[in-house]
Amino acid sequence: MRLRVLLPLLVFGLIAVIAVLIPVAQSIADSRTQQVSLQRSAALDQVVQRARTALVQNQAASLQTYLDRFHAVYGESVMVLDDRGVPVAAAGTLVPDDRVSGIVGAAARAIPQLDLPRVTPWAPSTALVAVPVIAAGDLSTGVVVLEVDLTAAKAEVTWAWVVVGVVGLLLLAALMGASLLWTRWVLRPVRALDSAVAALTAHRDPTPLPPMGPPELRRLSRAFDAMTAEVESSLEQQRGFVADASHQLRTPLAAIRLRVDGLPREGDAADDLSAVDDDLDRLEHTVERMLTLANAEHRASARSHGFDAARDDGVVRECTVSAASLADRHRRRLTDAGLTLHADDDALVTVPCGQADLEEMVDVLLDNAAKYAGAGAEVCVHFVPDAAGVELVVEDSGTRLTDADLERMGTRFWRSTAQPSRPGTGLGLAIVAQLMRAAGGRLDLSRAAAGGLAARLVWEHR
């Protein structure tokens with residue numbers, strides 16, 4: 001949540017800083033460019049005066065002396081050409097090439113060419129400027145070409161931009177620090193509230209929330225404390241009800257069982273008593289599975305909020321097994337049901353789950369296969385090698401699984417319509433799903449390649 005609050009602040013802050021720094025950087029570059037342009041214009045005026053005198057009076061030697069001295073002082077190449085474009089005097093490295101000819105042609109029309117490119121760190125190191133030499137009658141008698149050296153100006157602009165960038169980074173750092181302090185102050189009660197909700201959901205006593213942060217969150221903290229007290233009271237009543245109901249339900253069931261077992265089984269009463277025995281078996285089995293599901297849901301809920309009582313007590317929830325060892329004890333039952341079991345892989349795999357829970361889940365999956373896959377089907381139990389985690393697959397080649405059944409599988413108390421007379425509670429896959437949650441994994445149900453059900457117990461590395 002902190003990132004979601006900080007990110008917009010930082011993005012808007014970055015945009016604001018950039019919106020300020022870019023004009024500042026452009027202003028620095030433009031100012032330095034204008035400064036260079038003014039300096040070179042003043043220098044060119046002096047060269048033009050000397051060139052006008054030299055061209056009119058045909059004193060090329062004195063002009064050459066002046067240009068040599070100019071080049072020695074400023075370190076920039078300069079050239080004077082007459083009205084025919086023929087060099088009269090030059091100092092430095094300028095030669096009458098195409099680049100010079102282009103700017104001379106423009107300046108010869110009495111239009112000074114004094115525009116310099118904006119001085120930036122990536123601008124060219126030199127630039128050509130040219131001014132016409134105007135004699136009597138406003139006629140151009142020649143052109144002065146100067147190769148302006150922008151190296152020093154570029155270095156100054158680069159250094160100024162570095163300073164501006166450092167200032168921008170400091171502003172961003174200050175903004176980030178202020179944003180962190182602000183979001184910490186705002187979100188501290190939210191994090192405390194989240195921890196309290198997780199503790200309450202995991203059936204642990206939440207720490208009372210101290211009033212802190214903005215006034216709205218302080219009121220929320222006080223309201224949550226009041227709600228927590230009510231929820232804890234309700235949970236205590238619910239726990240007591242479940243415990244009492246379980247105890248009270250088991251007691252009359254046991255009494256009924258004793259009474260039924262003591263009745264004489266003669267004549268027509270024998271069939272009725274046998275039916276009562278079956279009903280009692282189903283009821284006791286349903287009560288047992290409901291309690292198993294409730295326990296698994298409690299552990300899964302606690303695990304989802306980072307609380308694992310067994311691990312906190314030092315118990316390592318993992319076991320090392322093979323597919324063959326998990327399935328062998330079911331082989332006879334599946335064979336008696338007319339199914340073929342394939343689980344010949346003896347390779348040991350470490351599974352991040354308690355062995356009792358793992359065996360319980362495999363029992364449920366193979367029991368479902370025995371009931372619903374159909375005689376002649378093949379059942380395969382195997383581990384899938386996966387670098388991302390551990391995956392145990394139980395799949396069959398049964399032909400009775402419909403798409404509608406596949407969508408509803410795992411729903412509590414739902415049973416397949418293919419064989420409704422089969423004994424069962426409809427809680428098996430729901431228990432497996434909750435046990436997988438409690439073990440930090442998940443149950444995936446899909447259609448197997450052979451046509452039946454493929455149940456995958458998946459634990460991903462974290």
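Reply: Here is a close look at one helix pair and the sheet beside it. This is a predicted model, where local features need pLDDT of at least 70, side-chain atom pairs count only at pLDDT 80 or more, and totals for chains, interfaces and linings use all residues. Residues are numbered from 1 along each chain as its sequence is written, and side-chain values use heavy atoms, with hydrogens and water left out.

Let's get our bearings. The protein has 462 residues, and 37% of them count as buried (buried means under 20% relative accessible area, exposed over 50%, partly exposed in between, with a 1.4 Å probe and protein chains only). Its secondary structure comes to 12 helices and 11 strands; these are DSSP runs numbered from the N terminus, with helices being H or I of at least four residues and strands E of at least two.

Now the helix pair. Helix 10 covers residues 355-372 and helix 12 covers residues 428-438; their axes come within 10 Å and cross at roughly 150°. Axes here are lines fitted to C-alpha atoms, for helices over the stretch in contact, and angles run from 0 to 180 degrees between N-to-C directions. That crossing makes helix 10 roughly antiparallel to helix 12 (under 35 degrees counts as roughly parallel, over 145 as roughly antiparallel, 65 to 115 as roughly perpendicular and the rest as oblique). Helix 10 also passes helix 12 in a left-handed crossing, meaning the near helix is turned anticlockwise from the far one by less than a right angle; clockwise would be right-handed.

Who touches whom? From helix 10, Asp357, Glu360, Met361, Val364, Leu365 and Asn368 meet Gly428, Leu429, Val432, Leu435 and Met436 of helix 12, where contact means heavy atoms within 4.5 Å. Sorted by type, the residues of this contact are seven nonpolar, two polar and two charged (Ala, Val, Leu, Ile, Met, Phe, Trp, Tyr, Cys and Pro count as nonpolar, Asp, Glu, Lys and Arg as charged, and the others, Gly among them, as polar).

Let's zoom in on leucine 429, which is found in helix 12. Leucine 429 has 11% relative accessibility, so it counts as buried. Leaving aside neighbours within four places in sequence, leucine 429 is in contact with Val364, Leu365, Asn368, Met409, Gly410, Leu443 and Leu445.

Histidine 382 stands opposite valine 393 in strand 9.

Finally, how do the helices sit on the sheet?

Key. Pairing = 2+ DSSP bridges.
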